[in-house]
Amino acid sequence: YKNVAERGPWSKNLMVAYNHYKAKRYDVALMIYVMLAEAGYEVAQSNVAFLLDKGFARLGLSTHSTYQKAILHWSRAAGQGAAAARVRLGDYHYYGLGTEVDFENAALHYRLASEHQQNAQAMFNLGFMHENGIGMKQDLHLAKRMYDQAVRTSADASVPVGLALMKLHSKLYLDWFPWVFETVDLARWGKSLPEDWDISLMTILAVILGFVWLLRRANQQHVERQQRRAEMEAVAAAAAEAAEAAAAAEADE
């Protein structure tokens with residue numbers, strides 16, 4: 001019924017609002033989307049929240065009030081099954097946008113999007129929270145399970161999951177070899193590093209691995225070209241020998 005209802009005569013206004021958005025008439029687009037959102041159109045509810053979220057249109061509201069309005073429309077869209085809206089609700093509670101920081105509520109929204117809509121981003125976020133003990137007890141093995149689910153759900157998650165797993169495995173190795181903590185004061189050493197040092201390190205490693213892969217790929221292509229050239233030369237030599245043999249046979253006749 002929902003799909004049928006949203007294809008009614010009012011649905012053409014969605015395209016009108018979209019055209020205003022493309023023309024950067026954000027306030028006009030927002031007003032049309034608000035009207036459609038009040039009529040129950042899930043796409044319009046998500047678009048209203050998006051415009052407010054990105055600051056394209058604020059209608060004179062403060063940043064905090066704008067986020068509060070966005071939460072309202074994200075909630076309505078999520079209630080109609082929009083996975084992206086559900087994930088964004090989790091983000092709002094995680095970062096405290098328009099509301100208080102509430103990691104447990106953030107995890108709840110991520111879990112709903114993960115279990116009901118099979119959203120890879122929600123799975124990745126849950127893995128990160130399990131890995132770092134944010135809003136829940138730290139569980140590295142459950143974090144790995146969530147990361148693995150994310151990459152199985154969407155191939156686009158391969159790179160971020162790969163980086164996250166590299167970091168996760170380093171933590172597991174430290175758990176397996178506790179003598180490292182006795183040898184090196186990791187806590188003091190870690191305080192001297194930037195807050196996002198791990199992400200920067202993983203990015204650098206990814207660039208290095210990508211460069212190595214390109215070199216290996218180029219070398220492999222060079223070897224393949226040499227093999228094809230050798231095969232073509234062998235074929236040409238065989239053809240030449242056959243031609244010489246045929247010429248010799250004709251001369252004998």
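Leucine 14 counts as buried because its relative accessibility is 18%, where buried means under 20% relative accessible area, exposed over 50% and partly exposed in between, with a 1.4 Å probe and protein chains only. The model is predicted: local features need pLDDT of at least 70, side-chain atom pairs count only at pLDDT 80 or more, and totals for chains, interfaces and linings use all residues. Residues are numbered from 1 along each chain as its sequence is written, and side-chain values use heavy atoms, with hydrogens and water left out.

Leucine 14 sits in helix H2. Helices here are DSSP runs of H or I with at least four residues, strands are runs of E with at least two, and both are numbered from the N terminus. What does leucine 14 touch, not counting residues up to four places away in sequence? Its partners are Tyr33, Leu36, Tyr41 and Ala44, where contact means heavy atoms within 4.5 Å. Take Tyr33. It is 19 residues from leucine 14 in sequence, yet the C-alpha to C-alpha distance is 7.1 Å.

Beyond its neighbours within four places in sequence, alanine 44 contacts Leu14, Tyr33, Leu36 and Ala37.

Now widen the view to the core. A nonpolar core is a set of buried Ala, Val, Leu, Ile, Met, Phe, Trp, Tyr and Cys residues joined through side-chain atoms within 4.5 Å. The largest one holds 26 residues, and Tyr33, Ala44 and Trp74 have the most contacts inside it. At least two of its residues come from each of H2 (12-22), H3 (26-38), H4 (42-54), H5 (63-79) and H6 (83-95). H3 gives the largest share of this core, seven residues. Another core lies apart from it, with 24 residues, among them Tyr110, Phe124, Met129 and Val161.

Next, look at how H5 meets H6. The two helices pack at an angle of about 145°, and their axes are 8 Å apart. Axes are lines fitted to C-alpha atoms, for helices over the stretch in contact, and angles run from 0 to 180 degrees between N-to-C directions. The crossing of H5 and H6 is left-handed, that is, the near helix is turned anticlockwise from the far one by less than a right angle; clockwise would be right-handed. Which residues meet there? H5 brings Tyr67, Ala70, Ile71, Trp74, Ser75, Ala77, Ala78 and Gly79, and H6 brings Ala85, Arg86, Arg88, Leu89 and Tyr92. By class, the residues of this contact are nine nonpolar, two polar and two charged. Ala, Val, Leu, Ile, Met, Phe, Trp, Tyr, Cys and Pro count as nonpolar, Asp, Glu, Lys and Arg as charged, and the others, Gly among them, as polar.

Threonine 66 is also in H5. Is threonine 66 buried or exposed? It counts as buried, because its relative accessibility is 2%. Its contacts, leaving aside neighbours within four places in sequence, are Leu52, Arg58 and Leu61. Aspartate 53 is 13 residues away from threonine 66 along the chain, and their C-alpha atoms are separated by 7.4 Å.

Turn to the loops. Lysine 24 lies in the loop between H2 and H3. Its phi is near 65°, a positive value in a residue other than glycine. Lysine 24 is exposed, because its relative accessible area is 62%. Glutamine 118 lies in the loop between H7 (103-117) and H8. It too is not a glycine, and its phi is positive, about 55°. With a relative accessible area of 45%, glutamine 118 is partly exposed.

Glycine 135 falls in the loop between H8 (120-132) and H9 (140-153). It counts as partly exposed at 30% relative accessibility. Not counting residues up to four places away in sequence, glycine 135 touches Phe103 and Glu104. Glutamate 104 is 31 residues from glycine 135 along the chain, with a C-alpha separation of 4.8 Å. In H9 itself is leucine 142, which is partly exposed with a relative accessible area of 23%.

Last, the whole protein. It has 13 helices and zero strands. Buried residues make up 31% of its 253 residues. Of the contacts between residues at least 6 apart in sequence, 46% join residues at least 24 apart. The accessible surface comes to about 16400 Å², and 58% of that belongs to carbon and sulfur atoms. Accessible areas come from the Shrake-Rupley method with a 1.4 Å probe, and for residues only the protein chains shown count as cover.
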